[in-house]
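Colleague: I would like to learn how to read a model like this one. Could you take me through it feature by feature?

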Amino acid sequence: MQIKNYSLRYADRVLAQNLEVEFSNQEINVITGANGAGKTTLLDFIAGVGPKAAKGDKINVPKQAEIAYQLQHIHFFTTLSVAQTITMYRQLGNPAIETENTTFQIIKKRVLDKIWQVEMGKLSGGERQMVLTYGQCLLEKKLYIFDEPTSGVDVDNTKIILSMIASLVQDRQKVVVMTSHNLEQMVDLPVHLIQLG
Amino acid sequence: MNDIRALSKVYVINLLSNKFVFVFNLLLPTIYFLYQNGKYWSRPAVSFSQSTNLVISYFWAYIIMVTILNNVIVAMIAQRENGFYKQLFFIVGSKWKILIANFLVQLAVLNGELIIFNVVVMTVFHNWHISLLLAGMLSAIIVSVPVALISSLLFLLKVKIESINILVSILLFGLFALINLPKSGSISHILSLLNPLTYTVETSFQTLSLFFNHTFDYSMILIWLIVTVVYGLFGWFGTSKLSVHSIIDRV
C-alpha cells in the first residue's frame, strides 16, 4: 500500500509537499509528527474522507468498506454498557477472533470482564479506548487505522492496547496505520516509522 | 441485514436512555388533543366522520413530522457533529446501513406513538375500532420514507447543533402556517403537497377515509406520486451530501 504525491496545503501553510509513503504489511505503520503536522488529515486521506485540500495518489489502498478507523477521543454511545458495545462489534465483525486468539481471551478475562456491565460513559478515557480498540480488532477489514489510540492512557492499558494492535499485524497479517506521540511505548513492537513535518 | 440488525439494537438502547423526546413527540399533542376534545368524554360515542378524520390527520401529521425531524434527521446531524457518525461509518462501512438502522428504529417508535395516541382518541370518543390503529400504522409506513427523504435537506445546513433545534422549531412553525394554502388546481395542489405536513395530513386523511368511509380520492394518486418522486429526488440529493465531517469541530 502506497501514497504518492501527497500534498496538503492551507492558505497560510504547507503541511505536506509531494510526500511519498510506502506502508508495511509486516509491521505497525506509525505516523508521528508535531501537533498540527497533519497526521489525522493523512489518516482521513487514506480513509477517503480527507479535506479537499489534501491531494495525492493512493495505490492499493482498500475500499472504504474494508477500512476500520478508530477516531481519537470519541465518546461512543455513552449509554451502552461494555457488554452491549462488544456485542455490537461481535455482530458486525468476526466473533471467532476472540476464541481463536489468546491475546483477546486474556484481555477479555483480565480486563474487560471486570467492567463488563459498566456503561461506556462511566469508564475512564483509557478504559474506553481499550474497549473500543478491542471492538475494532474484532472487525474483519483489510486496513486498520488508529488515531492516537494510546493518548491519555496509562502504562498498563497502553501495553494492552498496543498488544491488540500488534496482533492484527502479527497474527492476522493486516495492514495497520496509527498515529502516536509516544514512540518509547513501542520499542518492543515491530514498527515502521513515518515522520511528518 | 445482520449489520442493520446489530446497529438497530444499539439505536434502541440509546433511544431508551433519552425518553424526553417522547414529551415533545407524543405527550404535547396528546394533551392538546385532550384539551380540544375532552368535552366528548361525557358525551355518547362519536363516529369517525370526515371531520373527525381530518382532526386526527392533523395530530398524526404533527407526531410523524416531529418524530422524523427530531429522532431521525436532527439525531443524525448530532451524530455527525460529535463524531459518532464517522466512527460508525468506519465500523459498518456504509452510510445507508446507518441511516436505515436509525430510520427503522424510529419507524417502530413512531408506530408505538401513534398507537398510544389512537388509544387516547378512541377512549375519548368512546368508539373502539382496530381500523384506527391500522390506518395510523399504514399512514406512518407510507409517509415516513418520503418525509424523511425531504427532511434530509437539513443535512446541507452549515449550522451548529445548538442552532439546529431552534431552526427545526421555526421550520415546523412555518410548515404549520402554510398547511392550509388554497388549492385551486392541480399545480397549486402539487405545490401545497410539497409542504411535508400537508402531504402527511392529506395521506393520513385519505387512509382514514378509506378505512372508515370506504371513499378514496383517486384524482389524488397522480399528484401524490409526482410529489413523492420529487421528495425522493430531494432526498437522494440531501443524503448524498451527508458527510462524515462535523460542521464546527474536527472529529
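This is a predicted model: local features need pLDDT of at least 70, side-chain atom pairs count only at pLDDT 80 or more; totals for chains, interfaces and linings use all residues.

Colleague: How many bridges hold strand 1 of chain A to strand 2 of chain A?

Modeller: Six bridges, with the two strands antiparallel. Strand 1 and strand 2 of chain A also form a hairpin, with two residues between them. For a pair to look at, take A:Leu8, which stands opposite A:Ala16 in strand 2 of chain A.

Colleague: And how many bridges join strand 1 of chain A to strand 4 of chain A?

Modeller: Five, between strand 1 (residues 2-10) and strand 4 of chain A, again running antiparallel. A:Ile3 has A:Lys58 of strand 4 of chain A as its bridge partner, and A:Ser7 has A:Lys55 of that strand.

Colleague: Now the helices. At what angle do helix 3 and helix 6 of chain B cross?

Modeller: For a helix pair, read the angle between the axes, then the residues that meet. The axes of helix 3 (residues 50-82) and helix 6 (residues 130-151) of chain B cross at roughly 45 degrees and come within 10 Å. Helix 3 of chain B is therefore oblique to helix 6 of chain B. The crossing of these two helices is right-handed. Residues of helix 3 of chain B in the contact include B:Trp60, B:Ile64 and B:Leu69, and those of helix 6 of chain B include B:Gly136, B:Ala140 and B:Val147. By class, the contact of helix 3 with helix 6 of chain B has eleven nonpolar, four polar and no charged residues.

Colleague: How does helix 6 of chain B pack with helix 9 of chain B?

Modeller: Helix 6 and helix 9 (residues 196-212) of chain B pack at about 155 degrees, their axes 9 Å apart. That angle makes helix 6 of chain B roughly antiparallel to helix 9 of chain B. Their crossing is right-handed. Among the residues that meet are B:Leu134, B:Leu138 and B:Ile142 in helix 6 of chain B, and B:Tyr199, B:Thr203 and B:Phe211 in helix 9 of chain B. This contact divides into twelve nonpolar, seven polar and no charged residues.

Colleague: Where does B:Tyr40 lie, and which residues does B:Tyr40 contact?

Modeller: B:Tyr40 is in the loop between helix 2 (21-37) and helix 3 of chain B. B:Tyr40 has 18 C-beta neighbours inside 10 Å, so it counts as partly exposed. Beyond its neighbours within four places in sequence, B:Tyr40 contacts B:Val46, B:Val124 and B:Phe125. The C-alpha atoms of B:Tyr40 and B:Val124 are separated by 6.1 Å, although the two residues are 84 apart along the chain.

Colleague: Last, how many residues does each chain give to the contact between chain A and chain B?

Modeller: Chain B gives 20 residues and chain A gives 19 residues. On the side of chain B, helix 1 (2-16) and helix 4 (84-92) are the elements that give two or more residues. By class, that side has nine nonpolar, nine polar and two charged residues.

Note on methods: Residues are numbered from 1 along each chain as its sequence is written. Chains are lettered from A and ligands numbered from 1 in the order in which they are written. Two strands pair if DSSP finds at least two bridges between them. Helices (H or I, at least four residues) and strands (E, at least two) are DSSP runs, numbered from the N terminus. Axes are lines fitted to C-alpha atoms, for helices over the stretch in contact, and angles run from 0 to 180 degrees between N-to-C directions. Angles under 35 degrees count as roughly parallel, over 145 as roughly antiparallel, 65 to 115 as roughly perpendicular and the rest as oblique. A crossing is left-handed if the near helix is turned anticlockwise from the far one by less than a right angle, and right-handed if clockwise. Two residues are in contact if their C-beta atoms, placed from the backbone, lie within 7 Å. Ala, Val, Leu, Ile, Met, Phe, Trp, Tyr, Cys and Pro count as nonpolar, Asp, Glu, Lys and Arg as charged, and the others, Gly among them, as polar. A residue is buried if 20 or more other C-beta atoms lie within 10 Å of its own, exposed if 12 or fewer, and partly exposed in between; C-beta atoms are placed from the backbone.
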